[in-house]
Amino acid sequence: MDLRDDLSAAFADLTATLEGVFDEESAQAAKPKLQAFKQRIGAIEAREKDLSDAERQKLAGMRDEIQQEAIAAMQPEMMRILSDPALAIHLSAVLAELGQR
């Protein structure tokens, strides 16, 4: 699997995790998955360093496209979670960290 596929899969998994949060139990179960996403993206970024400048430039354009699509899918889910105090109490900190990436 190449870096683009890894990046797409990571964001798809993140979106699916957010879509599965509907109660306190699922929010608690999602927290480690959301934290693992940060590590997963960090590992992808570390692999990017092994690419040539041209490959990194090409991937940067793809990354922007992938991230914009992911943000469009995730934003409603994040807003839904953060607007529910029973869910937000479990996930607001990790979602804020993800928003800083």
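This is a predicted model: local features need pLDDT of at least 70, side-chain atom pairs count only at pLDDT 80 or more; totals for chains, interfaces and linings use all residues.
Q: Where does Q57 sit, and is Q57 buried or exposed?

A: Start with the element, then look at accessible area. Q57 is in helix α3, which covers residues 53–82. Its relative accessible area is 62%. Over 50% counts as exposed, so Q57 is exposed.

Q: Is T15 buried or exposed?

A: T15 lies in helix α1. Its relative accessibility is 10%. Under 20% counts as buried, so T15 is buried.

Q: Which residues does T15 touch?

A: Leave out residues up to four places away in sequence. T15 then touches A70, A73 and M74.

Q: Why do residues three or four places apart in an α-helix point the same way?

A: An α-helix has 3.6 residues a turn, so residues at that spacing point the same way.

Q: At what angle do α1 and α3 pack?

A: Read the angle between the axes, then the distance. For α1 and α3 the angle is about 5 degrees, and the axes are 9 Å apart. Angles under 35 degrees count as roughly parallel, so α1 and α3 are roughly parallel to each other. Next, sort the contact residues by class. This contact has 13 nonpolar, three polar and six charged residues.

Q: At what angle do α2 and α3 cross?

A: The axes of α2 and α3 cross at roughly 150 degrees and come within 11 Å. Angles over 145 degrees count as roughly antiparallel, so α2 and α3 are roughly antiparallel to each other. On the α2 side, the contact is made by I44, E45 and E48. On the α3 side, R56, L59 and R63 take part. By class, two of the contact residues are nonpolar, none is polar and four are charged.

Q: Where does helix α4 bend?

A: Follow the helix axis along its length. Helix α4 runs over residues 85–99 and bends by about 60 degrees at L91. L91 is also one of the buried residues of α4.

Q: What covers the buried residues of α4?

A: Look for the elements in contact with them. The cover includes α1 (3–19), α2 (24–48) and α3.

Q: Which residue caps the N-terminal end of α4?

A: Check for a side chain that reaches a backbone nitrogen. D84 is the cap. One of its side-chain oxygens lies 3.0 Å from the backbone nitrogen of A86.

Notes: Residues are numbered from 1 along each chain as its sequence is written. Side-chain values use heavy atoms; hydrogens and water are left out. Helices (H or I, at least four residues) and strands (E, at least two) are DSSP runs, numbered from the N terminus. Buried means under 20% relative accessible area, exposed over 50%, partly exposed in between (1.4 Å probe, protein chains only). The bend at a residue is the angle between axes fitted to the seven residues ending there and the seven starting there. Contact means heavy atoms within 4.5 Å. A polar contact is a pair of N or O atoms within 3.5 Å; within protein, one must be able to donate a hydrogen and the other to accept it, and residues adjacent in sequence count only if both atoms are side-chain atoms. Axes are lines fitted to C-alpha atoms, for helices over the stretch in contact, and angles run from 0 to 180 degrees between N-to-C directions. Angles under 35 degrees count as roughly parallel, over 145 as roughly antiparallel, 65 to 115 as roughly perpendicular and the rest as oblique. Ala, Val, Leu, Ile, Met, Phe, Trp, Tyr, Cys and Pro count as nonpolar, Asp, Glu, Lys and Arg as charged, and the others, Gly among them, as polar.
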